[in-house]
Amino acid sequence: MCGCGGSCGRATPGAASSSGRRLPATPLLLLAYVSYLLLGSVAFWALESPRERDAARRLLREKWDLLENYTCLEREDLEALAKGIIQAYKSGLYLKGNTSLGRWDFVGSFFFSVSAATTIGYGNLSPSTVAAQVFCIFFALFGIPLNLVLLNRIGQLMLSGVQLCAFHLGEKFHWQKGAAVLTRTCALVAGLLLFLLLPPLLFTAIEGWTYEEGFYYSFITLSTIGFGDYVIGMNPERTYPSWYKNVVSVWILFGMAWLALIINLCISLLENSSGLCRCCKRRSRDAEQELISGNPNVTLESKDGQNCSTKDTKPAGPN
């Protein structure tokens, strides 16, 4: 047969209990991941905040010196001020009145740590000190593998939950195939709502984006493309809640795990369809060879094609 055994596509109680036994390690892994992100947040906060404060004071002093000492601006002075403003903005600094709206506070540093460990890399904010740049290299060197391990574990737990739910429904209603389709459909719809369809409403309310822009940002972020054309918490004219970036960080973590499952499912479907085509072609070629060799009893029945696409659900008995 071309298909695999029945255990490839069905959840069993043993598999579910095996996943349950691995569950205690998941909180520890999550704790290690959050601790690592907090470590990065503290480091970036400590390394970048002093430079940001100095830049803010210097820019504010230059601003008032310019307003007090110059009644008619020269071109060179204006260009120098504009250059300083541009450089400050690239460093994540914005001045509004006498207030410094920097992005290297602790919450901003935590969000930067998440974007670095998840390889999103929006590009709107980057470390400017040599010490922070060196630390960022080593932080990403260990943070990226840790992030991949955690995403894989979260994805396994999501998949195990769906399979366990499908198994129990199938056992209760004696409808294994229908229960599997139902639970997977519900999981897909729930994931679409939680990670792609509902978050744009939050971004519309807080960022002032359109729903389409919020949906675009959601997918670009969860797929780790991270163009940087839309980034949360970047509008200096808006006041953001303190919980905002933290909630978005959690959404990114679980949303990436869910989207990775969907992408893996698409890859699996493509691979299975390719294997089905090869299987059917091989059967047709074998039948053609039999006919050419003079065997008139060879037929390609519909059940032969089904054997390529269906999986055995019963153990093979003795011949």
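The axes of α6 and helix α7 (residues 199–207) come within 5 Å and cross at roughly 20°, where axes are lines fitted to C-alpha atoms, for helices over the stretch in contact, and angles run from 0 to 180 degrees between N-to-C directions. The two helices, α6 and α7, are therefore roughly parallel to each other (angles under 35 degrees). Helices are DSSP runs (H or I, at least four residues) numbered from the N terminus. Leu193, Leu194, Phe195, Leu196 and Leu197 of α6 are in contact with Pro199, Pro200 and Leu201 of α7 (heavy atoms within 4.5 Å). The model is predicted; local features need pLDDT of at least 70 and side-chain atom pairs pLDDT 80 or more, whereas totals for chains, interfaces and linings use all residues. Residues are numbered from 1 along each chain as its sequence is written, and side-chain values use heavy atoms, without hydrogens and water.

A nonpolar surface patch with about 810 Å² of accessible area together includes Leu188, Leu201, Tyr211 and Phe215. Accessible areas come from the Shrake-Rupley method with a 1.4 Å probe. Patch residues have over 30% relative accessible area and no salt bridge, and nonpolar side chains are joined within 5 Å; a salt bridge is a side-chain nitrogen of Lys or Arg within 4 Å of a carboxyl oxygen of Asp or Glu. The most residues, 6, come from α6. Tyr211 lies in helix α8.

Thr119, not a glycine, has a positive phi of about 65° and is located in the loop between α4 (106–117) and α5 (130–173). His174, also not a glycine, has a positive phi of about 55°. At 72% relative accessibility, His174 counts as exposed (over 50%).

Key
Patches are made of residues with over 30% relative accessible area and no salt bridge: like charges are joined within 9 Å, nonpolar side chains (Val, Leu, Ile, Met, Phe, Trp, Tyr) within 5 Å. Angles under 35 degrees count as roughly parallel, over 145 as roughly antiparallel, 65 to 115 as roughly perpendicular and the rest as oblique. Buried means under 20% relative accessible area, exposed over 50%, partly exposed in between (1.4 Å probe, protein chains only).
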